[in-house]
Structure formats: structure tokens, C-alpha cells
Amino acid sequence: MFDEKEFFERTPKGLLIRAPILKITPVALADLRLYTMFCDVEVSGLGKIKTSGQEMIITDILIFPQKCSNVGTGLDENGLFDFIGSIPGEENDDDYRLWWHSHVWMLPHWSLTDNRTIERFHYADFWVSIVTNKWHQQGARVDFFNPMRIIFDDLPLSLSEPFDEKNLWFLMRKRFYDAGIEGKIRKNVRNIEEEIKQELLYHQIKKEVEEKFKKGARNNGKS
Ligand SMILES: [Zn+2]
């Protein structure tokens with residue numbers, strides 16, 4: 001028989017919110033580590049999430065065309081949102097719910113810019129964010145935007161299946177070639193500091209050549 005008194009005594013009085021359980025597939029973790037390891041700039045990317053009850057599993061890691069510079073100057077927010085805008089509607093609605101980025105050698109703490117970027121995902125019900133670095137340290141959080149604004153920060157991130165560190169290194173080596181990680185970095189990540197350096201060098205050389213040419217032209221005129 002339904003005992004109303006017992007039922008209410010057993011029911012928690014506070015607002016019960018269960019934290020999401022964040023997991024990542026070995027392949028996705030291998031790719032995440034490789035992009036971070038082989039980029040000397042604050043590289044940023046998206047990922048696909050599969051949800052099942054409380055579990056959120058990161059299944060895919062990808063990068064998009066972006067302009068980057070060394071740590072401290074932030075990431076290419078326009079590149080990120082341009083790319084999200086280019087994902088076909090259906091796919092976008094269901095899958096892409098992860099934003100990740102690297103702090104290169106710096107601690108993986110959320111910066112003010114990171115928080116501002118995450119707020120821009122408010123069009124979705126929830127969004128998963130990961131910040132990582134070359135030491136394989138990481139911060140993970142889940143932001144819920146709808147029906148309530150709730151942030152779960154400092155979430156542990158575990159592998160979706162048993163996989164030890166040694167096997168992960170083997171997998172990383174395999175993925176480096178199979179997934180063409182280096183080529184994807186070269187294709188998508190533009191290091192603007194390098195470009196600025198090249199530009200300065202180019203202008204300097206151009207000036208020197210022009211001056212030499214003018215000098216030569218003047219001398220020719222005299223003789
Ligand atoms: Zn950051």
C-alpha cells in the first residue's frame with residue numbers, strides 16, 4: 001500500500017541535481033593529446049558528445065580553420081563560431097557539444113575569455129568544455145543553459161573503456177599517421193605570430209632591395 005508519509009520522508013527536501021559523468025573514448029583522447037602536443041599555439045576545436053542518462057561520452061575530436069598566436073593572446077573566437085555556423089543544422093543540434101582548447105604550457109584554468117566564449121553557447125541546452133595543456137593536465141566542465149543555468153566545474157574525465165597509458169601511446173602513434181594529425185594542423189592552424197615575423201622580415205628585405213635599386217639607378221644616371 002502506498003504510504004504517503006513514508007514517501008515524503010524518503011524524498012530529499014533540497015533540489016536534487018546529479019552531476020554529469022564525463023567520459024572520453026581512447027581515440028578521442030589520443031587525438032586531443034596529439035593536437036595539443038603538436039601545436040605550439042592555443043589551438044581550439046570541437047568534439048562530438050553522445051549522451052546516455054547521466055553519461056556524456058566524447059567520441060570525436062576535430063579542429064577547424066583558425067588564426068592562433070602564443071599563449072596569453074587568446075583564441076580565434078570568430079573562427080570557432082564561423083565553423084559552428086557552417087555545420088549542417090541536424091548534425092549541429094545533436095552532436096557537436098564540446099569545445100576544447102589548449103593553454104600550451106600554462107595551467108588549464110578557465111580564463112575570462114574562456115568564460116565569455118562558453119556563454120556564447122547559450123543557444124544549446126548544454127555544452128561541454130575542456131581546457132588542456134602539453135602536460136596532459138585538463139579542466140572539464142559542463143554548462144547547462146536550459147531549463148536552468150547550472151555549471152558543473154572540475155569534473156573528472158575518465159576513459160569510456162579500460163585502456164592503460166602504454167596502449168594510449170601506441171594508439172597516439174597510430175592516430176598520428178592514420179588520422180593525418182600533422183596535415184590537419186598545417187591545413188587549419190595559422191600561427192599569426194609567425195606570419196607577422198615573416199611579414200616584418202619581408203618588408204625589411206623589400207626596403208633594402210628597393211634602396212639598393214634606387215642607389216643603382218642614381219649611379220647609372222650619373223655615369
Ligand atoms: Zn583558455
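Pro 147 is located in the loop that connects β7 (138–144) and β8 (150–152), where helices (H or I, at least four residues) and strands (E, at least two) are DSSP runs numbered from the N terminus. The peptide bond between Asn 146 and Pro 147 is cis, with omega about 5 degrees. The model is predicted: local features need pLDDT of at least 70, side-chain atom pairs count only at pLDDT 80 or more, and totals for chains, interfaces and linings use all residues. Residues are numbered from 1 along each chain as its sequence is written.

Most residues other than glycine have a negative phi, and most peptide bonds are trans. His 136, in the loop between β6 (126–132) and β7, has a positive phi near 65 degrees and is not a glycine. His 136 is partly exposed, with 14 other C-beta atoms within 10 Å; a residue counts as buried if 20 or more other C-beta atoms lie within 10 Å of its own, exposed if 12 or fewer, and partly exposed in between, with C-beta atoms placed from the backbone. Asp 154 belongs to the loop between β8 and β9 (157–159). Phi of Asp 154 is positive as well, at about 55 degrees, although Asp 154 is not a glycine. Asp 154 is exposed, with 7 other C-beta atoms within 10 Å.

Ile 21 is part of strand β1 (residues 21–24). With 16 other C-beta atoms within 10 Å, Ile 21 is partly exposed. When neighbours within four places in sequence are left aside, Ile 21 is in contact with Gln 54 and Glu 55, contact meaning that the C-beta atoms of two residues, placed from the backbone, lie within 7 Å. The C-alpha atoms of Ile 21 and His 136 are 20 Å apart in space, for a separation of 115 residues in sequence.

The packing of helix α2 (residues 26–38) against helix α6 (residues 165–178) was then considered. Their axes come within 9 Å and cross at roughly 70 degrees; axes are lines fitted to C-alpha atoms, for helices over the stretch in contact, and angles run from 0 to 180 degrees between N-to-C directions. The two helices are therefore roughly perpendicular to each other, given that angles under 35 degrees count as roughly parallel, over 145 as roughly antiparallel, 65 to 115 as roughly perpendicular and the rest as oblique. The crossing is right-handed, that is, the near helix is turned clockwise from the far one by less than a right angle. On the α2 side, Pro 26, Val 27, Leu 29, Ala 30, Asp 31, Arg 33 and Leu 34 meet Leu 168, Leu 171, Met 172, Arg 175 and Phe 176 of α6. By class, this contact has 9 nonpolar, no polar and 3 charged residues (nonpolar: Ala, Val, Leu, Ile, Met, Phe, Trp, Tyr, Cys and Pro; charged: Asp, Glu, Lys and Arg; polar: the others, Gly among them). Asp 178 is also in α6 and is exposed, with 10 other C-beta atoms within 10 Å.

Overall, the protein has 8 helices and 10 strands. Its C-alpha atoms fill a box of roughly 115 × 40 × 35 Å along the principal axes. Buried residues account for 25% of the 223 residues.
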